[in-house]
Amino acid sequence: MTPEEILQGLYDETLVGNAPRVLELTNEGLVLNMEPQTLLFDALIPSLEEVGARFERGDFFVPEMLIAGRAMSGAMEVLRPLLAETGVQTIGKFLMGTVKGDVHDIGKNLVNIMLEGAGFEVIDLGVQVAPEKFVAAIEEHQPDIVGFSAFLTTTMPMFKANMNALEKAGIRNSVIVMVGGAPVTQEYADAVGADGYAADASQTVKRAKSLLQERRAKVPA
Amino acid sequence: MSAQFNAPRLETVLRSATQQVVIGHGNRFCLIGERINPTGRRIFQEQLRAGDLSAIERDVRAQVEGGADVLDINMGVPLTDEAELLAKAITMVQTLSDKPICIDSSVIDALEAGLAAYQGRALVNSITAEDERMEQVLPLVKKYDAAVIALPNDADEIPMEVEKRITLTRKIIEVATKEYGIAAADIVIDPLAMPIGADSEMVNTTMETMRRIRDEFGVNMTCGASNVSFGMPGRPTIGAAFLPMAMTAGLTSAIMDTRTPQIVEAVKAADLLLGHDEWGGAWIAAHRARLAREAAATA
């Protein structure tokens, strides 16, 4: 296969969620001495972006998004150590968790897939994440963005509790805060003082990127 | 409770001031209309926040016309006094409809205010297997002589293994009956219907859970029926296939939007086929009612 065929194959097979084939093509590409970042940025990420776009248009459905994400994850397991070696920067670090009192994670996991697909490094704290655990993880991992997910109207108030914990720890301004989940609205996000809100996984990626750009424009790294 | 494999099948009695609904394994499936809920409805939320409850009237009418036997009322509007709002809404719904009510809140004060305002025997939505939640809600269920929906998940997770869900179901039934004196008949287990789009074995797991809960505990069950089709195209068709399947596994009610005739009709046909609608009385009556409506519309 030519490198062009590898890239096209990776794009097409990721789009349809063919995990075994994506893994094979990734390994074949590496055998041909293709750069890991070429495979990532010229095939895998554009493919996942297309998945997100189709999902947003209503042409793609949840299972298709999940299997595409799984196919990409398989390739990433091979590529991640190589990318780290070559010092390739991820576009940002995203710390994610479902708030305390809430055990819902399907939506959050979809968002994680799309964020990873867009080139973010995602650290997932799982479900039932208490405010102090968010604080400790932010201090440990120094993420660019932290995401709070809540699926219930009764666990949404944990957003505010998390914000208060961040304030108290003096780290509120060191991280961008995004909130989301089925009952969450822009209005509610504003009311708790979050920096960003998005209605679905694909929009989360766009919003995360634009928030990151705004932040980096303000504070030169 | 030791494991029984032919536990007696129990009946859950709900009442409004004037009407009684019995949820049971030999009875017609109980449709709990779910739409009286502002979650994700921005305009409705703004109205409620401003004290305007008029939209509730339209929702109640739609659910009742769609075939709801019980009305689920949720007033979870962020940044409001949910207790006051829920009590007001319940009082109002009781003037609009004779259907028994399912009081839906995670806020303890709101549940208590709702139960205090309600005339009849309510269904409380809901508890989990978490000790704190049971300690807070079960005394209210006992005090107000209500029934309660219970979800077999704990603080850590929504378990994906059947066995774990059975263990938590057993725990809930033991605590509610032994520590709070609530009848097992008044515990309605939600076996946790999850989206089929997220995992192709999800519904098989849920149905196996249902069969075991029915055979080992005999209690009634309900679930959020629309969860199953989340993220998939053709949602009404999936709902219309899922509920009759679940009914054969022991599901005796569902919390659902009754404005989808396709699903409601599938349930009614399953009632007929499972022998829960003797001589097809309800099925035939519904047919005549439809003919009469059509005649009235063309007249």
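User: Why does A:I113 count as buried?

Analyst: In this predicted model, A:I113 has 22 C-beta neighbours inside 10 Å, and a residue is called buried if 20 or more other C-beta atoms, placed from the backbone, lie within 10 Å of its own, exposed if 12 or fewer, and partly exposed in between, so A:I113 counts as buried. Residues are numbered from 1 along each chain as its sequence is written, while chains are lettered from A and ligands numbered from 1 in the order in which they are written. Because the model is predicted, local features need pLDDT of at least 70 and side-chain atom pairs count only at pLDDT 80 or more, whereas totals for chains, interfaces and linings use all residues.

User: Where is A:I113 found, and what does A:I113 touch?

Analyst: A:I113 sits in helix α5 of chain A, residues 106-117, where helices (H or I, at least four residues) and strands (E, at least two) are DSSP runs numbered from the N terminus. Not counting residues up to four places away in sequence, A:I113 touches A:M65 and A:G69, contact being defined by C-beta atoms within 7 Å. A:L66, 47 residues away from A:I113 in sequence, is 7.7 Å away in space, C-alpha to C-alpha.

User: What makes B:D145 a case of its own class, and where does B:D145 lie?

Analyst: B:D145 has 13 C-beta neighbours inside 10 Å, so B:D145 counts as partly exposed. B:D145 lies in the loop between α5 (131-143) and β7 (147-151) of chain B, and phi is near 50°, a positive value in a residue other than glycine.

User: How do you know what length to expect of helix α6 of chain B?

Analyst: The expected span is 1.5 Å times one less than the number of residues; α6(B), residues 162-180, has 19 residues and should therefore span 27 Å, which agrees with the 26 Å between its end C-alpha atoms. Just after α6(B), B:G181 takes a positive phi of about 65°.

User: Why are the buried residues of α6(B) said to line one face?

Analyst: The buried residues of α6(B) are B:R165, B:I166, B:L168, B:T169, B:I172, B:I173 and B:A176. Seen down the helix axis they fall within an arc of 170°, so they line one face, the arc being that of the directions from the axis to the C-beta atoms. The face turned away from this buried side carries the exposed residues B:E163, B:E174 and B:K178, while the cover over the buried residues of α6(B) includes α5, β7, β8 (187-189) and α7 (202-217) of chain B.

User: What does helix α1 of chain A show on the points of span and burial?

Analyst: α1(A), residues 3-15, has 13 residues and reaches 18 Å from its first C-alpha to its last, close to the 18 Å expected at 1.5 Å a residue. Its buried residues are A:I6, A:L7, A:G9, A:L10, A:E13 and A:T14, and they fall within an arc of 165° seen down the axis, so they line one face of the helix. Helices α2, α3 and α4 of chain A are among what covers them, and A:G17, with a positive phi near 75°, follows α1(A).

User: What makes a group of residues a nonpolar core, and which members touch the most others in the largest one?

Analyst: A nonpolar core is a set of buried Ala, Val, Leu, Ile, Met, Phe, Trp, Tyr and Cys residues joined through C-beta atoms within 7 Å. In the largest, of 85 residues, B:I73, B:V148 and B:L243 touch the most other members, and helix α3 of chain B (residues 82-96) gives the most to this core, with seven residues. A second, separate core of 60 residues includes A:A71, A:F94, A:V129 and A:V205.

User: How many residues meet between chain A and chain B?

Analyst: On chain A, 17 residues are in contact with 20 residues of chain B. α4 (62-85) and α8 (186-191) of chain A each supply at least two residues of the side that touches chain B, and the largest share, three residues, comes from α4(A).

User: Which peptide bond of chain B is cis?

Analyst: The bond joining B:N125 and B:S126 is cis, with omega about 10°, and B:S126 is in strand β6 (residues 123-128) of chain B.

Definitions and conventions. Contact = placed C-beta atoms within 7 Å.
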